[in-house]
Amino acid sequence: MVQDKKATKEEKTIDVNKMIDGYVEKAHVALDEMADFNQEQVDKICEAIASAGEQNSYLLAKMAVEETGRGVVEDKTIKNMFASENIWNSLRHEKTVGVIEEDKEKQLVKIAEPKGVIAGVTPVTNPTSTVIFKAMLALKTRNAIIFGFHPQAQKSCVKTGEIIREAAIKAGAPKDAIQWIEYPSLEATSALMNHPNVQTILATGGPGMVKAAYSSGKPAIGVGPGNSPSYIEKTANIPESVYDIVLSKTFDNGMICSSENSVVVDEEIYNKVKDEFKSWNCYFLKPDEIKKFEEKFIDPRRGTVAGPVAGRSAYQIAKLCGVDVPEDTKVIIAEYKGVGKKYPLSAEKLSPVFTMYKAKDHEDAYKICTDLLNYGGRGHTAGVHSQDEKVIDDFSMKMDACRILVNSPASVGGVGDLYNNMLPSLTLGTGSYGANTFSHNIGARDLLNIKTVAKRRDNMQWIKVPKKTYFEHNAANYLKHMPDVERFFIVTDEGVASKYINEITDIISQRRGKKSYEVFQAVTKDPDTTIIADGVHRMNIFKPDVVIAVGGGSVMDAAKAMRLFYENPDMSFEDAYSKFLDIRKRTVRFPKYNAIQLVCIPTTSGTGSEVSPFSIIKDTVTGIKHTLCDYSLNPDVAIVDDQFVETMPKELIARSGFEALAHAVESYVSTMATDFTRGWSMEAIKLIFENLEKSYNGDQNARSRMHNAATLAGMAYANAFLGVGHAIAHTESSEFGIPSGLSDAIAMPYVIRFNSKKPRKLAMRPHYSTFRADKDYATIARSLGLKGNTDQELVDALIKKVVELGHGVGMKLSLKANGVDEADFNNKVDAMAVEAYGDQNVVTNPSALLISEIKDLMKETYKGKGIEA
């Protein structure tokens, strides 16, 4: 609709009303179509929305930041993934169609019916993730939804809507089940909320918009402001508490409404807490800077954060407010003594800024927190950091907040699931405290205020390896007696086939009873989707009951992918490599059981693929290598037989050895490392440093030990995963043809140096309670007998040791020294950094990287500064 500038106000109103009438009329047609949908149809549509949201999470985040000028691309990517992955995981098994509950003893039956047409109002702070969340919630319950996007985020929200609507329609949704106002205005959104044929309003936005939703005279689910306080009590773990709060306030520049706006600290520990914040580059405003800062930071008319400030970085905010702070400042802190209109910074801030209060005792702390909640945050969220259960209980009882977060970062804790077991949601009710209907993370609830005390929890960890691992010389003879198999599909490459396949087939031929085999030897150095499809085609003809992979990592990776797609012909390659935050909650489900067994026999000593759930496959169309990861890819049997590595060429010994070393070191410092995995990692590290150079120079006993070390490292990273070093190595290897292992060696010194420094962005994983990579590297150095008086000296010694080992096995530790053209590198480095960021290994790096930081690391690997002349 293009309005004539000369049109009267009445004519404009008529045009808006006609436009809204059209949307609502089409929505009711879609509503009628969905009335007879069954649960399977509904879930198929929602999974399509989740997949589309997750696959486009980075694109939509980038658009949102570019359009609004607020937030952090990488963090908005995580929000989009959360809205897709975690929300769908929580909805996946929920019954929402027909009979959803039946109690035969009481003779009660509960039946689910849709509410009708929903008006979805979205905010500028979390635009694209809210669209994904609300659309999925609406269609899971067979409601049609019409969005009114915030005008400042219209383009990114429209793109989100287009992507998820297309996915929903392909999955069977009516074409008008998801709509939005194309020409946004306050009048149009108001007309939508007040339309007589709109049944419910889902409103997320400013106080004015939420109030308008509640004034519409129909059911409305709205969200009030969140001036959330957090109390650090004297028994708290100070490093962990400070880490949580800095993580929370820097995540998307503090725009999640549950993030800490004020921190209250017991006076006994106040100075220690202050020093800990300073150690994380938090800037405390000087007394003479606070007044000047207040004047620019707070909108005097509204008494809340000024529009240009919200969602900016601490450094940008300081510049806007006329205060000089270091460029690497994470959070700005104002030490405060009062709450209310006379103390402007005590209001909600939606940015990496908070006020800090000193409490005389528990009662004083509770009073300050209560005053803060009453000043624009009643009902929302309050946090407490304490080891005293009585304090936690007292705080929970006294706070008029519907989310009491214990020992957790408030922003990512408040949305649920990540740090606790609350329902994951992007709409957080504030109860009657905040003039809100709902008091919980939005779901199917009654009208009672329900307080939820959410204590931090570590995810259940695991150890998953092949059912059987055989090692030592001639271990391959296991194939002679392997039970319950008859038809062997052998996957290999031409080089390995010419050397070892006759030995494998001879062993199979010695089996008693029925046996047959087929050899597929077309695997190349970088197996691609065409080769996988060819292998699956051959398997469809041969009908194997066991696959045997004999070769290096490429062969084993190919065999894993062939088995996956042979047993799951409906799964797409794009589904298989989709990135995830938590392997147990991923959007795309892999098979739980494999009917066909997989045996892996490595002929190199590096990849660890024989015991890992990873498979690296190149997309034939794009040329990009993708990492597939799921425990259904784990081999059933690993045979680590050193007879297959006795004649490896020296270059391959060096490269595979460094690949194993990268696995061992990165898994040791991973955010998912545990007491179990670190044992494997450390033993592998020791074996490699003791034996790689000897193996390179022809020592067969050392070569056998290296073979064991590679498998130990594989077991470690199979369960702890890796880090940015592998993401960079995969990308540079794919782009410039740098052999695997060599690319790991080139990246390793720089990654160790980067990860050993306090991160700019903090890693978000409950099990990883505070940064420890510097100490982990120092522990590795000590285990190798290296000397140093400080952790940094030990880290430097470790880097030197890695470089010496690389040079000792003939490696050139830079891209330049390996023939990569500088102009070509510079042309590609931006795209490569984005590609590396998309690698699954980045998720468990001890520092949550920005794409710009990955780019800087890649530049260092090119020139080899300080490493390679």
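## Helix H4 and its bend

H4 bends by about 30° at Phe 82, where the bend is the angle between axes fitted to the seven residues ending there and the seven starting there. Helices (H or I, at least four residues) and strands (E, at least two) are DSSP runs, numbered from the N terminus. This is a predicted model, so local features need pLDDT of at least 70 and side-chain atom pairs count only at pLDDT 80 or more, while totals for chains, interfaces and linings use all residues. Residues are numbered from 1 along each chain as its sequence is written, and side-chain values use heavy atoms, with hydrogens and water left out.

What about the length of H4? The helix covers residues 73-91, and at 1.5 Å a residue its 19 residues should span 27 Å; the expected span is 1.5 Å times one less than the number of residues. The end C-alpha atoms sit 26 Å apart, which agrees. H4 is also mostly covered, with 17 of its 19 residues buried (under 20% relative accessible area; exposed is over 50% and partly exposed in between, using a 1.4 Å probe and protein chains only).

Asp 252 forms a salt bridge with Lys 76, with the closest N and O atoms 2.9 Å apart. The term means a side-chain nitrogen of Lys or Arg within 4 Å of a carboxyl oxygen of Asp or Glu. Lys 76 belongs to helix H4 and Asp 252 to the loop between helix H9 (238-250) and strand E9 (260-266), so this pair ties together parts that are 176 residues apart in sequence. Both ends are tucked away: Asp 252 is buried at 0% relative accessible area, and Lys 76 is buried at 2%. Lys 79 joins in too, in a network of salt bridges with Lys 76 and Asp 252.

Searching the whole structure turns up 26 salt bridges. Another one pairs Lys 367 with Asp 371 (2.9 Å, N to O); these two are 4 residues apart in helix H13 (residues 362-374), separated by about one helical turn. Asp 371 counts as partly exposed, at 27% relative accessibility. Asp 299 and Arg 302 also meet in a salt bridge, at 3.1 Å from N to O. Here Asp 299 is buried at 16%, whereas Arg 302 is partly exposed at 42%.

## Nonpolar cores

Which residues touch the most other members of the largest nonpolar core? They are Leu 139, Ile 178, Phe 277, Met 356 and Phe 658, out of 170 residues. A nonpolar core is a set of buried Ala, Val, Leu, Ile, Met, Phe, Trp, Tyr and Cys residues joined through side-chain atoms within 4.5 Å. Helix H20 (residues 650-669) gives the most to this core, with 10 residues. A second, separate core has 41 residues, among them Leu 345, Ala 365, Ile 392 and Met 399.

## Aromatic pairs

The whole structure holds 20 aromatic pairs. Rings of Phe, Tyr and Trp (its six-membered ring) pair if their centres lie within 6.5 Å; planes under 30 degrees apart count as stacked, over 60 as edge-to-face and the rest as tilted. Phe 293 and Phe 297 have ring centres 5.2 Å apart and planes at 20°, so the pair is stacked. They lie 4 residues apart in helix H11 (residues 287-297), about one turn of the helix.

Tyr 336 and Tyr 343 pair edge-to-face, at 6.1 Å centre to centre with 70° between the planes. Elsewhere, ring pairs link Phe 147, Phe 149 and Trp 180 into a cluster.
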